[in-house]
Amino acid sequence: MDKPVCLIDTASDGKLCVQRSALQVLEQIQQPVVVVAVVGLYRTGKSYLMNRLAGKQTGFALGSTIESKTKGIWMWCVPHPTKPGTTLVLLDTEGLGDVDKGDSVHDTRIFSLAVLLSSTLVLNSRGTIDNRAIEELQYVTELTEYIKIKSPDEVVDDGEFVKFFPSFIWAVRDFTLQLKINEKDATEDEYLEFALKLKLGNSMQVNNYNLPRECIRKYFPSRKCFTFPFPTNPDKVSYLETLDPGEISERFLEVTNRFCQFIFDQSQVKNLKDGHTVTGRVLGHLVKTYVETIASGAVPCLENAVISMALIENEAAFQEGLEVYQSGMEKLKKSFPLELNEITCEHQCFSLMATQTFMKRSFRDSDGKFLTSLEEAISQQFDRYLQDNEKASEAKCEGLLSVLSEAMTERINQGFYATAGGYNLFCQDLEDIVNQYNTLAYQEVKIAEVLEKFLQQKVAVTTAILQADDKLTENERKICEERERAVLLEQEIKAQEEKQRQLEEKMVTEEQNNEERVRQVIQKMEEEMSFQQQETQRAMDSKLREQAALMEKGFQEKANKMASEIEELRRNNKEVEDRKSREFAQMIEDQERRNAQNLEVLRQQHRQQMEAINNRPRPSSGGCSIQ
């Protein structure tokens with residue numbers, strides 16, 4: 001994108017709405033996305049920082065009056081400067097507290113959307129982080145009313161939000177104070193933590209003071225602060241985007257560069273609850289889901305969004321996997337006919353590629369429904385490709401026999417064999433044809449079947465030539481007739497044995513595919529379980545740090561409450577891990593059962609073919625030597 005576009009706007013009825021053109025941009029982004037959203041009071045210079053993150057001087061609108069310039073949420077997608085194969089999505093939000101708008105509910109919804117969509121949330125403010133600045137963040141205290149982890153009917157500890165919320169950066173603009181705490185030099189991060197320090201006591205005044213601070217400490221797992229000095233002379237600030245670098249404070253530029261580099265290096269790829277990586281396409285679905293939920297008057301729910309996204313993504317993963325298989329096999333089809341081992345080898349390769357493609361995009365397919373559908377679809381496709389290959393092989397074999405038998409057919413039409421000794425001449429010519437055919441068509445899957453059909457077609461001619469040969473005695477004719485039947489039976493058995501060999505080859509391939517699919521399923525499950533554990537550990541570490549800080553500052557009651565939250569988190573995590581372990585075990589069991597059922601079908605066909613072969617009487621050799 002060479003410039004930002006409006007992602008979320010306000011319709012004429014006052015409800016939020018998503019811009020279709022922006023969704024179309026996101027739909028084209030197949031890469032993982034790092035989403036950085038900036039929020040803050042209007043006219044505090046949010047857009048300038050976002051332009052710098054985009055590597056541009058201009059882009060997001062910077063106003064030069066007291067009127068809020070950005071309306072809704074604007075988006076700019078650019079290649080990530082330090083993470084190859086990743087897109088950086090910048091979200092510039094409408095300024096909070098706009099005097100013209102005067103709608104605190106609208107502001108809270110914009111703030112909530114920024115939290116829901118981002119992997120890093122930048123809070124932009126001016127001056128200092130004092131009590132007034134923190135009190136203006138009433139939006140933080142209302143997050144649990146505007147965002148739910150699970151359905152509204154389920155009670156969830158608000159400490160769970162730490163597992164799913166973005167990292168937090170406070171950008172303090174026009175900062176003029178010295179970074180000192182109790183007359184000692186302090187870092188920007190220490191300044192932030194000092195500003196978020198709680199007061200002892202239980203009075204309403206103390207509770208109101210502590211509430212927004214507690215929310216920030218509790219909800220956001222990692223916190224960072226940057227303090228920006230004045231960028232230039234006050235009369236030039238409104239035109240910051242047009243100034244030459246020489247007109248801007250070196251200290252301001254240094255902090256800006258450090259701010260951008262931190263975000264480039266530390267901001268993580270956006271993940272859904274349960275660890276599914278968010279691509280531009282998925283982000284578009286999330287935007288649409290959340291905004292439509294808000295517009296309907298409901299509260300956005302992380303769990304419902306994940307469930308909805310899982311259905312969309314798993315269906316798309318199924319289609320992508322099937323397309324990978326079909327694309328590869330369609331290219332292979334252009335080379336039909338092929339030997340069976342060649343086509344099964346390619347089938348195996350494309351089948352595994354399809355499964356890998358599916359696994360990469362799918363998530364929460366805990367019952368294996370979509371993976372099963374993919375396996376069944378690939379199996380059906382493979383059978384069709386085998387049929388297509390057999391048809392191509394049959395046509396090639398028939399064409400070859402037609403060419404090889406042209407001379408013999410002409411002799412038959414001319415009555416060449418209808419003489420004394422003609423039968424032996426006919427047998428010799430037929431044997432030559434068969435030998436040449438077997439040499440030229442030895443790789444064809446239909447070599448035996450087509451030859452059997454060819455010989456069957458020659459039965460009437462062979463009988464007529466045999467009866468017309470005056471050189472043979474009646475007894476010799478009977479012996480020849482018996483031998484002709486033996487030749488046909490032998491060729492029929494060869495055709496059945498070839499089918500048997502092909503079926504055995506298919507069984508071997510199927511077993512190998514099954515083993516690889518089970519391995520991939522186990523790997524996928526282990527990855528999901530690992531992310532679940534990391535997600536919980538991240539929340540646990542945050543709570544433990546907070547508990548230690550509370551105890552150190554004498555907040556024993558709050559520390560005890562935090563201890564209860566930690567224990568509840570451990571218990572919930574154990575329940576989730578046990579449930580997932582059961583789901584995974586059941587999924588593996590179901591997978592292995594399906595594999596066994598599919599192989600049993602093939603084994604049954606194998607047994608039936610073996611019985612048919614074994615029940616055939618083995619003929620003695622003789623007659624026309626065409627075996």
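Glutamine 547 touches Ala559, Met562, Ala563 and Ile566, leaving aside residues up to four places away in sequence. Contact here means heavy atoms within 4.5 Å. The place of glutamine 547 is in helix α18. At 16% relative accessibility, this residue counts as buried. Buried denotes under 20% relative accessible area, exposed over 50%, and partly exposed in between, with a 1.4 Å probe and protein chains only.

The model is predicted: local features need pLDDT of at least 70, side-chain atom pairs count only at pLDDT 80 or more, and totals for chains, interfaces and linings use all residues. Residues are numbered from 1 along each chain as its sequence is written, and side-chain values use heavy atoms, with hydrogens and water left out.

The protein chain contains 19 helices and 10 strands. Both are DSSP runs numbered from the N terminus, helices being H or I of at least four residues and strands E of at least two. Of the 627 residues in the protein chain, 49% are buried. Among contacts in the protein chain between residues at least 6 apart in sequence, 76% join residues at least 24 apart.

Charged pairs were examined next. The structure holds 23 salt bridges. A salt bridge is a side-chain nitrogen of Lys or Arg within 4 Å of a carboxyl oxygen of Asp or Glu. One of them joins lysine 224 to aspartate 189, with the closest N and O atoms 3.1 Å apart. Lysine 224 lies in strand β10 (residues 223–227) and aspartate 189 in helix α7 (residues 188–195), so this pair ties together parts 35 residues apart in sequence. Aspartate 189 is partly exposed, at 26% relative accessibility.

Arginine 361 forms a salt bridge with glutamate 313, and their closest N and O atoms are 2.9 Å apart. This pair also links distant parts of the chain. Arginine 361 belongs to helix α12 (residues 340–361) and glutamate 313 to helix α11 (residues 302–333), 48 residues apart. Both arginine 361 and glutamate 313 are buried.

Arginine 519 is partly exposed, its relative accessible area being 41%. Elsewhere, salt bridges that share partners join Glu188, Arg251, Glu254 and Arg258 into one network.

Aromatic side chains give a further set of pairs. The structure holds 15 aromatic pairs. Rings of Phe, Tyr and Trp (its six-membered ring) pair if their centres lie within 6.5 Å; planes under 30 degrees apart count as stacked, over 60 as edge-to-face and the rest as tilted. Phenylalanine 228 and phenylalanine 259 form an edge-to-face pair, 5.8 Å centre to centre and with 70 degrees between the planes. Phenylalanine 228 lies in the loop between β10 and α9 (250–266) and phenylalanine 259 in helix α9, so the pair ties together parts 31 residues apart in sequence. Phenylalanine 228 is buried, with a relative accessible area of 0%. Phenylalanine 259 is buried at 1% relative accessibility.

The ring centres of phenylalanine 416 and tyrosine 417 are 5.2 Å apart and their planes stand at 85 degrees, so this pair is edge-to-face. Phenylalanine 416 is partly exposed at 36% relative accessibility, whereas tyrosine 417 is buried with a relative accessible area of 1%. One aromatic cluster is formed by Tyr48, Phe226, Phe228, Phe252, Phe259 and Phe262.

The charged end of lysine 224 sits over the ring of phenylalanine 226, 5.7 Å from its centre. Lysine 199 lies over the face of tyrosine 209, at 4.3 Å from the ring centre. A charge sits over a ring if NZ of Lys or CZ of Arg is within 6 Å of the ring centre and within 35 degrees of the ring normal.

A search of the whole structure finds zero disulfides. A disulfide is a pair of cysteine sulfur atoms within 2.5 Å. The sulfur of cysteine 349 is 7.1 Å from the closest cysteine sulfur, in cysteine 345, too far for a bond. Cysteine 349 is partly exposed at 37% relative accessibility. Cysteine 215 is buried, with a relative accessible area of 5%.
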